[in-house]
Amino acid sequence: MERTLIILKPDAIQRKLIGKIISRLEDKGFKIVGLKMIKINEDLAKKHYEAHVNKPFFPSLLNFITSTPVIVMVLEGVDVVNQVRKLVGATDCKKAEVGTIRFDFGLSIQNNLIHASETIQDANREISIFFNQNELFDYKLLLDEIIY
Ligand code: CMP
């Protein structure tokens with residue numbers, strides 16, 4: 001079993017798409033093992049987006065990601081990191097494949113609704129930035145036997 005970090009970004013919050021996006025992830029069969037609403041501050045944004053801090057778009061990304069609270073979530077499942085990246089689609093919503101979350105809901109490269117960890121290593125790092133151990137839950141989903 002793998003885990004991945006999801007952020008529903010300020011555009012998803014403003015557009016009231018929280019429920020629809022979470023449904024897409026649940027419908028695939030993944031289990032939510034952690035979920036909360038938080039306000040990302042500058043320090044947290046720099047930690048999470050450490051690979052992008054020196055990019056030209058970072059000031060705008062920082063302004064965006066700190067503009068409203070966000071939903072952070074940890075999903076668990078088989079191959080969840082790659083599977084969720086496929087469900088989410090390309091960074092630029094205009095280039096995302098038809099049927100992905102970013103294609104279906106977005107038109108922007110920055111305001112692309114959702115973040116999902118790129119690799120297992122990234123997932124472990126990002127989960128530890130946003131969640132304490134006591135905020136993550138091990139439990140059995142009765143449907144797992146049917147899903148898998
Ligand atoms: P995410 O998958 O969270 O990872 C980095 C984020 O930076 C990305 O989604 C976008 O929100 C943003 N981003 C990436 N490239 C650009 C860009 N060229 N211009 C503006 N924002 C970008």
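H48 is buried, with a relative accessible area of 4%. Buried here means under 20% relative accessible area, exposed means over 50%, and partly exposed lies in between (1.4 Å probe, protein chains only). This is a predicted model: local features need pLDDT of at least 70, side-chain atom pairs count only at pLDDT 80 or more, and totals for chains, interfaces and linings use all residues. Residues are numbered from 1 along each chain as its sequence is written, and side-chain values use heavy atoms, with hydrogens and water left out.

H48 sits in helix α3, residues 42–48. Helices (H or I, at least four residues) and strands (E, at least two) are DSSP runs, numbered from the N terminus. The side chain of H48 makes a polar contact of 3.5 Å with the side chain of H115. A polar contact is a pair of N or O atoms within 3.5 Å; within protein, one must be able to donate a hydrogen and the other to accept it, and residues adjacent in sequence count only if both atoms are side-chain atoms.

H115 leads on to the ligand. An N or O atom in the side chain of H115 is 3.0 Å from an oxygen atom of the ligand. Y49 also reaches a ligand oxygen atom: a polar atom of its side chain lies 2.6 Å away. With Q110, the backbone takes part. One of its backbone N or O atoms lies 2.8 Å from an oxygen atom of the ligand. Which residues are around the ligand? They are K9, Y49, H52, F57, L61, T91, R102, I109, Q110, N112 and H115.

Now look for open space. Rolling a probe the size of a water molecule over the atoms shows where empty space is left. The largest pocket holds about 540 Å³ of space. Of the 21 residues that line this pocket, Y49, H52, F57, T91 and H115 are the closest to its centre. The largest share, 3 residues, comes from α7. A pocket is found on a 1 Å grid over the protein atoms alone, as an open set of points where a 1.4 Å probe fits, with protein on both sides within 12 Å along at least five of seven lines; lining residues have an atom within 4 Å of a point. By class, the lining has 6 nonpolar, 6 polar and 9 charged residues.

Next comes the loop between α6 (101–105) and β4, where N112 lies. N112 is buried, at 3% relative accessible area. T4 is 108 residues away from N112 along the chain, and their C-alpha atoms are separated by 18 Å. L113 lies in the loop between α6 and β4 as well. L113 is buried, at 0% relative accessibility. Its phi is near 70°, a positive value in a residue other than glycine.

Turn to the strands. Is β2 (residues 31–38) enclosed or open? Strand β2 is largely enclosed by the rest of the structure, because 6 of its 8 residues are buried. Its partner is β3 (residues 70–77): 7 bridges join the two strands, which run antiparallel. Strands pair if DSSP finds at least two bridges between them. I38 stands opposite V70 in β3.

Phi of D79 is near 55°, a positive value in a residue other than glycine. D79 counts as partly exposed, at 28% relative accessibility.

Note on methods: Points joined across faces, edges and corners; volume = space filled by probe spheres on them. Nonpolar A, V, L, I, M, F, W, Y, C, P; charged D, E, K, R; others polar. Near = heavy atom within 4 Å.
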